[in-house]
Amino acid sequence: MIDHKSVVKKAGQIFDEVFIDRYRRSLLREQRNLEDFFALLCFAELLGLPNPISYYTIELYPYFYEDFHAWHKRMGMEHSPLAGFPCC
Amino acid sequence: MQAILVAIMGLGAFVIGYFLYSKFVAEKIFRLDPAFVTPAHELNDGVDYVPTNRFILWGHHFTSVAGAAPIVGPAIAVIWGWLPAFLWVVLGTIFFAGVHDFAALVISARHKGESIGSITKVILGPRAKILFLFIIFLLLLMVNAVFAVVITGLFLNFPGSVLPWLIQIPLAVAIGFMVYRGKAGIVLPSLVSLVILYFFIYLGVYFPIELPQTLFGLDRAVVWILLLFLYAAIASVLPVWTLLQPRDFINALQLFVALGIGYLGMLIINPTIVAPAFNDPPAGTPPLIPILFITIACGAISGFHGLVASGTTSKQLNKEPDARFVGYFGAIGEGTLALLSILAATAGFATLADWNQFYADWSGINGQNAFVQGVAIFASGLGIPEQFAIIFASVMIVNFAATTMDTGVRLQRYIVGEIGKTYNIPFLTKSVWATLIAVGACLLLAFSAEGGRGGMLIWPLFGTTNQLTAGLTLTVVSLYLKKLGRPIVYTVIPMIFILVMTTIGMLMNLGTYFSKQNVLLSTLGIVILGLAFWLIIEAIAAFRQNQPRGIER
Amino acid sequence: MKELITGKKILFLGGKGGVGKSTTSAVLAYQAAAQSINTLIVSTDPAHSTMDIWGKRIHDRPKKLLPFLSAMDIDSREEMKQYLRRVRQQLLEVVKPDMTGAVDRHLNMVKHAPGSEEAAIFDKMVQILLEYQHEYDLIIFDTAPTGHTLRLLSMPYILEPFVKNLVRQRTRVHQAQGGTRAFAGRDDNDGDRRQDPVYEHLLQRLERIKQVEKIFMDREKTAFIPVTVAEALPVQETLRLVAQLSKQGFPIGGVIVNRLLPDPPDGNRFWMSRKTTEQKWLQELQIRLKGKYPVYGMSLLEDDVCGVERVRQVRPQILST
């Protein structure tokens, strides 16, 4: 006996993974790019760019800390731009 | 000769190639290691680096590399008869494309998923990286120009495909917005959009859209090309989720539907190949050797695949041995599409006379049209009305080509911006200017060939540049293998073969361009030839050096 | 000089270093208090001269000096310290415990980064304006020397586009998040925006900046008063300050010329010459202002202005309108 429900479910899963997953990840990439850009605007001074509001954005540090390591690597820096801030 | 027989021989050869040759290359030459931690695991970020099931990844890879080119090239190359094209597609896929795509995937996976461009810098040195950028820019230029001409050819021949193409734009944008704004899931809208698309294909049969012969004093082919580039320019500056991704997704679905319909239909109607195995081509056709090898690029070996395999697919490889299935079998998927194109362009005609009439003149071939008509005939075996099937196949190619143009202009803009940054030309870094320059260059190229109707003049340029890219990748791979002390003959022979063929082919093309006194094409030809020589010199220099630098593993 | 203090709610006094801004502020504040106008005098000058004038220690919260007069001092270092302490606490909640030292080292660097100090002063100024503008009838800011003052006053115009841009970018992030969430089968599209503390912070900043901008531009309530002395360099600088302020659209209440000389003793060539020079520069100032802004004068005193008693005795006189 073939369980029709599970076959349909499996088919849906494959459809999802083959056709939709890539689409989904492209949206995630878009989201990440926007988030990266936002972080860049906030913390431009860490990359050596002048940022007149850096004093005001340091209060946002805590919210970005978790993603900080991945961020500076994506910005092309192997190590933390915060001197003495050993996140890696 | 029955088409089914040829198909079985081709597909059978693919299967044997996969089980014997790819196994040999994967195990004996590259020694794939199931324990190797792939970048997908090492750098998993849920976006670019994601371990993916090999069947799924194959689907992604195949739908990314398959496009209009493996359809158009073979449908042109059958002018020398079906057998040379068939042999080059089958052997090329097994010994060239399969190895090339697979090797690009492996070498990238062993370099943290970096692109061939970055790996070139590591293995061949920074100078070769510039060479690489030049080749890529030219490749994109060719692709955009040649695809605009291909689409124009389809629109002029099958005006019914204009309406469905037009409707697909708002359709894709609507899906994009619905999904992006979180208003709907994806499955339902995508199915609905497919239904709407097929409905408009049906409508297209009755409402063909034809431009008047001349518009504002311009030939209608010129007008179409201008419109297509206007479209590409706009599409390329939109965020990817608005148009590119939703349409890409519809295209992927279309690809499998078309392959299924084509082969199934053929199985049912059992057509005969009307074209001769070897054809004495009409006057003006260039010689088979070497031009066959640059006419069929995608479908036999294509540098473009290396770019997809190295930049994107390699980041999702779950286990190293999966590369064999994903890379090599991905090339086989492409070969299958090319094979369908050969069969459609040789068995999709009622009589030899019809076929001869279609292929009466080298410079006037519209390969894509032969494919469209052939697939439509095959589809009739499934009870699909031929009129409908024609528009269906035509729209599929148009959409493939249009998506490629959109992506191509996008990438070109990045490269122009990169050049602007490197040489400190600020206005080039502005999106508007970069787009205008990218599109302008493509337009210039498209029009340089007989006012937009001379696709056959620039098609070889496209093939050559594509092969050069493949040659570069094979050089990098061979050097890498040399460093590991493995046999390099399996990658060096294809490399030498295509470098020799492209160089000779390009020299012959230059002769044509000179005789036509076409300054732009002659210049481009010389540039490409120069790049080819540059690459050959780089390769020789690198091989003579005992210790290529900085290779991992 | 009544019109200087009545009707206005916020006064900014600025000018070249050493022309007597703090003394002038003190005098105005005293005059206001004497008319039962509940006045707060705020010194943003790192030189802390206010303290010396009143002869009392003044801190970072209002201290009552007279029934209608309070004074406070903005200490930028102290402000930074408090701000960074808050950030530090939040950071320590998310980082690993062994990173306390690294966090402190980094925040210490921020303290010395260019722009941090004025940002801290501006921040406090915003806080004072928003917090005390209803509690007091009049707030007088005794600002630091010219360049500093201009920079401080232009802060909202520098910051606003930046913060606005951040808010816009953040909104785009939210939209993208909405798109990806839809794939996951959820439809709580606005969830993120409401719960996003980053967005909250930014909106608050923007709101405050906008309010301050409004206060700065309010011709009814706010006036900027350059203080100068009738000498070559201070007058020229004052003219530049006036030009700059009016260009940016700040309302100017008038110019106060401090330390006017008494009539010179007959026959004393030195004092006669000084007086002539003074009159020359005073005239220059009045001509150049073209009667657009009133000019007030304050006489030079025999000794220092220290303590409430001395402040009481000084009174600016109108010289021209």
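So, pLDDT is the predictor's confidence in each residue, on a scale from 0 to 100. I start there because this is a predicted model: local features need pLDDT of at least 70, side-chain atom pairs count only at pLDDT 80 or more, and totals for chains, interfaces and linings use all residues. Residues are numbered from 1 along each chain as its sequence is written, and chains are lettered from A, with ligands numbered from 1, in the order in which they are written.

Okay, confidence. Overall, the model scores ipTM 0.75 and pTM 0.77. Chain C has a mean pLDDT of 84, with 93% of its residues at 70 or more. For chain A the mean is 75, and 84% of the residues reach 70 or more.

A quick word on elements: helices (H or I, at least four residues) and strands (E, at least two) are DSSP runs, numbered from the N terminus. By contact I mean two residues whose C-beta atoms, placed from the backbone, lie within 7 Å. In chain A, helix α2 (residues 54–57) comes out highest at a mean of 82, and helix α3 (residues 61–74) lowest at 78.

Let's stay with chain A for a minute. Chain A has three helices and zero strands, so you read α-α-α along the sequence. Of its 88 residues, 36% count as buried. Buried here is 20 or more other C-beta atoms within 10 Å of the residue's own, exposed is 12 or fewer, and partly exposed is in between, again with C-beta atoms placed from the backbone.

Now, who touches chain A? On the chain C side, 28 residues of chain A are in contact with 35 residues of chain C. Helices α1 (4–43), α2 and α3 of chain A each supply at least two residues to that side, and α1(A) gives the most, with 11 residues. Then there's chain B, where 17 residues are in contact with 14 residues of chain A. The elements of chain B that give two or more residues there are α3 and α11, and α11(B) has the largest share, four residues.

Which brings me to chain B itself. You've got 21 helices and two strands in chain B. Its radius of gyration is 22 Å, close to the 24 Å that the globule rule gives for 553 residues, so chain B is as compact as a globular protein of that length. That radius is taken over C-alpha atoms, and the rule is 2.2 Å times the number of residues to the power 0.38. Along its principal axes the C-alpha trace of chain B spans about 65 × 55 × 50 Å. Of the 553 residues, 57% count as buried. Among contacts in chain B with a separation of 6 or more, 84% are between residues 24 or more positions apart.

Back to α11(B), residues 244–269, because D248(B) sits in that helix. Is D248(B) buried or exposed? It's buried, with 22 other C-beta atoms within 10 Å. The C-alpha atoms of D248(B) and T63(B) are 8.8 Å apart, although 185 residues separate them along the chain.

On to a helix pair. Helix α3 (residues 54–65) of chain B packs on helix α14 (residues 322–347) of chain B at an angle of about 35°, with the axes 9 Å apart. Those axes are lines fitted to C-alpha atoms over the stretch in contact, and angles run from 0 to 180 degrees between N-to-C directions. On the α3(B) side, the contact includes W58(B), H61(B) and F62(B), and on the α14(B) side, F325(B), F329(B) and G333(B) are among the residues.

Last stop, helix α21(B), residues 519–544. At 1.5 Å a residue its 26 residues should span 38 Å, and the end C-alpha atoms are 37 Å apart, which agrees; the expected span is 1.5 Å times one less than the number of residues. Its buried residues include L521(B), L524(B), I528(B) and L535(B). Covering them are, among others, α7 (126–157), α18 (431–448), α19 (455–484) and α20 (489–515) of chain B. V519(B) is also in α21(B), but with 11 C-beta neighbours inside 10 Å, V519(B) counts as exposed.
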